[in-house]
Amino acid sequence: MTYDLLLMGALVLPDRILDHGWIAVTGETISAVGTGPAPAAARVIDAGTDWIIPGLVDGQTHATSYKGLPGFAATSQSALAGGITTMVDMPYDNPDPLNTMARLDAKIAAAHSHSHCDVALYATVAPGQGTAEMAPLAEAGVCAFKLSLIESHPVRFPRLPADEILDILTASRPTGLPVGLHNEDQEIVRATIARHKAAGQITPEYHEPARPEVAELAATAQFMELGAATGAHVHIVHLSSPRGFEMVADYAARGVRATGELCVHYLHFDATRDVARLGARMKVSPPIRSGVIDGLWQACEDGLPALISSDHSSWPIDNKLVPSIFDAGAGIPGLETLGPSFYTDAAQRYGAAGAVRRLVDYMCRKPAEFFGLAPRKGVIAPGADADLVVLKRGDTRFDASQTRDGLNWSPYDGETFAVSVATTLRRGEIVWDGQTILSAPGSGRFVPRR
Ligand SMILES: [Zn+2]
């Protein structure tokens, strides 16, 4: 038989790397995987000794928090250019969060008219809303719920009090869905910021001390205890330090359904080393800390993060470069740097093969399984969606002015990465050739949790 497409290269499979391997694609699906003589195909992509990996599943994207639902258009093109074929989008949309069936329908419709990549969706619950919409949202395929213990915006990104979180966690149990938390204690953060402002300390180096680790750990511990009391799956969406991962592991060892997520920038930037150079360009919350990079890599070696994500935020640079660091938007673009940055740093520690194995584990397999998208997503195997990426080996200078996200700034601007995304296939279609987005808006699909 003749297949539609054949890819040849160094395949990164779940259990091994297959040099000189091939993947045969029929329509949207992987039909066969092998090595040795390749079958006939209408079209062949020969990647030689370059890596072929599953499309990345970015577990934390904020595509629609600035431009609203049309924000899918640019963000999803950036995803494909970064080798991300599925983004898991957060619910804090502009102007209103995804907390009802009507808003879920609207967001799915927006994905189907604007998105170039596949999309899975978080939902949330507003303060005072009650839990009645949670079961229908889960039934309709949202993959997780997200809450916050700190207010970032009164409507879009509000704070939930602990009694309501308790009810939400209880209601989440029959759905089986993880409930994610933005883990910062509001009172500690607000008081510390006020003290720095009163002392005139408003430059970027005060962002990290104004959101101290204890604010993060106290919120994490509270959520873990609420999880322990309810039996819900409690998930911390970003832990910035090894201590947080140890705490979550302690709860998990005691039988709590507790997980924690790492974002790639915490593995790469250091507050003391980089703040003078980057300023507000590295403002994220919880903040980049000092001296934790080695400990976070060790946490990865110990298997503690459930997944590693970008936390891509679609803030224009104007929103960052303001007189006070406390008025600058938190969040950075990160879809095109997620895989290359992780690979480059990991290669220095574990070599090229060790880097690509870890990348596929933390950015493909684990997020696909975590969000209930496996076995369609996150793996090279017959029957899976033909979401495939050619990672070209060789140093490339990252130029943020060329990114596809419509933002065109990045704290990684000018860095050298050891791989680049040469080709992206989304469900069998070549959607990125290393230069140009080839897909149509709306060709991405909503992927429900299974
Ligand atoms: Zn986030």
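Domain bounds here come from an automatic or database domain assignment. The model is predicted.

## Two domains

The assignment divides the chain into domain 1 (3-53 + 379-432) and domain 2 (55-370). Taken over C-alpha atoms, the centres of domain 1 and domain 2 are 26 Å apart. The two parts touch: 34 residues of domain 1 are in contact with 43 residues of domain 2.

## Pockets and the cavity

Rolling a probe the size of a water molecule over the atoms shows where empty space is left. The table sets out the spaces discussed below.

| Space | Volume | Lining by class |
|---|---|---|
| Largest pocket | about 760 Å³ | twelve nonpolar, twelve polar, ten charged residues |
| Second largest pocket | about 500 Å³ | eight nonpolar, six polar, five charged residues |
| Largest cavity | about 50 Å³ | four nonpolar, five polar, two charged residues |

Start with the largest pocket. Its lining counts 34 residues. Nearest the centre of this pocket lie Glu151, Ser152, Arg211, Ser285 and Ala330. Strand β5 (56-62) and helix α5 (186-198) each give at least two residues to the lining. Helix α5 supplies the largest share, four residues.

The second largest pocket has a volume of about 500 Å³. It is lined by 19 residues, and Thr396, Phe398, Ser420, Trp432 and Gly434 are the closest to its centre. Two strands, β15 (388-397) and β16 (416-426), each supply at least two lining residues. The largest share, five residues, comes from β16.

Why does the second largest pocket lie between domain 1 and domain 2? Both domains give residues to its lining, so the pocket sits between them.

The structure also holds one cavity of 30 Å³ or more. Domain 1 and domain 2 each give at least three residues to the lining of the largest cavity. That lining includes the run Pro333, Gly334, Leu335, Glu336 and Thr337. Ser78, Phe398, Thr403, Asp405, Trp409 and Ser410 also line the cavity.

## Helix α8

Helix α8 covers residues 242-253, twelve residues in total. From its first C-alpha to its last it reaches 16 Å, close to the 16 Å expected at 1.5 Å a residue.

Which residues of α8 are buried? They are Pro242, Gly244, Phe245, Met247, Val248 and Tyr251. An α-helix has 3.6 residues a turn, so residues three or four places apart point the same way. The cover over the buried residues of α8 includes helices α7 (213-230) and α10 (293-301). Strands β10 (233-236), β11 (258-260) and β12 (262-263) are also part of that cover. Just after α8, Gly255 takes a positive phi of about 95°.

**His196.** This residue is in helix α5. Is His196 buried or exposed? At 12% relative accessibility it counts as buried, because the cut-off for buried is under 20%. Beyond its neighbours within four places in sequence, His196 is in contact with Gln201, Tyr206, Pro209, Ala210 and Phe326.

**Ser341.** Helix α11 (residues 338-370) holds Ser341. Its relative accessibility is 0%, so Ser341 counts as buried. Which residues does Ser341 touch, not counting those up to four places away in sequence? Val264, His268, Tyr412 and Phe417. Ser341 and Phe417 are 76 residues apart in sequence, yet their C-alpha atoms are 6.4 Å apart in space.

**Arg450.** This residue is in the segment after β17 (429-432). At 63% relative accessibility, Arg450 counts as exposed, because the cut-off for exposed is over 50%. Its contacts, leaving aside neighbours within four places in sequence, are Gly372, Ala374 and Arg376. Val248 is one of the buried residues of α8, whereas Arg450 is exposed.

Key
Residues numbered from 1 in each chain as written. Predicted model: local features only at pLDDT ≥ 70, side-chain atom pairs only at ≥ 80, totals over all residues. Heavy atoms only, no water. 1 Å grid on protein atoms, 1.4 Å probe; cavity = no way out; pocket = protein on both sides within 12 Å on 5 of 7 lines; lining within 4 Å. Points joined across faces, edges and corners; volume = space filled by probe spheres on them. Nonpolar A, V, L, I, M, F, W, Y, C, P; charged D, E, K, R; others polar. Expected span 1.5 Å × (residues − 1). Buried < 20%, exposed > 50% of the residue type's maximum accessible area, 1.4 Å probe, protein only. Contact = heavy atoms within 4.5 Å.
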